[in-house]
Amino acid sequence: MSELSPLPEPASTADNGDTPAARKRPKPGERRVQILQALASMLEQPGAERITTAALAARLAVSEAALYRHFASKAQMFEGLIDFIEQTVFTLVQQITGREVPDPAQAADVGARQAARIVALLLQFGERNPGMVRVMVGDALVFEHDRLQQRMNQFFDRIESTLRQCLRATTAGSDTPTVDAQVAASVLTAFAVGRLQRYARSGFKRMPTEHLDASLALML
């Protein structure tokens, strides 16, 4: 989970006579980041679809009560990961489109390139953040609150909507441009989700960006 803020430096253990070095207290917000980093890291391990707060606390060498001082529940921890996914991906999407909603009047080749770049960034994000992929495809959310899966469903709905806007210009000459753009966006979204699922279920061995350019060329 390299995009999250790095962990704080450990307290010095330099020899100061018989007096042990004082333990450095995390700054406000740092402990929350540490918890989310640890959770994402644990999700990268085989069979880690279900992680208990006891295991997470042990990973951080703190008590479960210490976790709950920063998050009201484990569901809230997963919401923190989803927040990170949404903010990171859609900030990059907006950089690609140049605006929150793509311009449907743009040239067809521009829209196709934007759609390809959006799919690529989504798969590259997953490739660099394996633990996040288990959240994105829902494997880590099976035993959690339904609202978490609903948020990820909404995330991919938003991706599909953005792709549809990008592709409207590419289908302008069709008798059914709106329908064709919707179908193309749906196919691209399903492709991205499928690649992320394969990545997670292969134990992160099958890269989601494998033969990506050739695959996109067949669809766009």
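Hello everyone! What you see is a predicted model, where local features need pLDDT of at least 70, side-chain atom pairs count only at pLDDT 80 or more, and totals for chains, interfaces and linings use all residues. Residues are numbered from 1 along each chain as its sequence is written, and side-chain values use heavy atoms, with hydrogens and water left out.

Now, the aromatics. The structure holds four aromatic pairs, where rings of Phe, Tyr and Trp (its six-membered ring) pair if their centres lie within 6.5 Å, and planes under 30 degrees apart count as stacked, over 60 as edge-to-face and the rest as tilted. In one of them, phenylalanine 84 and phenylalanine 125 have ring centres 6.2 Å apart and planes at 40°, so this pair is tilted. Phenylalanine 84 sits in helix H4 (residues 74-97) and phenylalanine 125 in helix H5 (residues 108-128), so the pair ties together parts 41 residues apart in sequence. Helices here are DSSP runs (H or I, at least four residues), numbered from the N terminus.

Elsewhere, Phe90, Phe155 and Phe156 form one aromatic cluster.

Last, a helix pair. H8 (residues 177-201) and H9 (residues 212-219) pack at about 155°, with axes 11 Å apart; the axes are lines fitted to C-alpha atoms over the stretch in contact, and angles run from 0 to 180 degrees between N-to-C directions. That makes H8 roughly antiparallel to H9 (under 35 degrees is roughly parallel, over 145 roughly antiparallel, 65 to 115 roughly perpendicular, the rest oblique).

Methods. Helix = DSSP H or I, 4+ residues; strand = E, 2+ residues; numbered from the N terminus.
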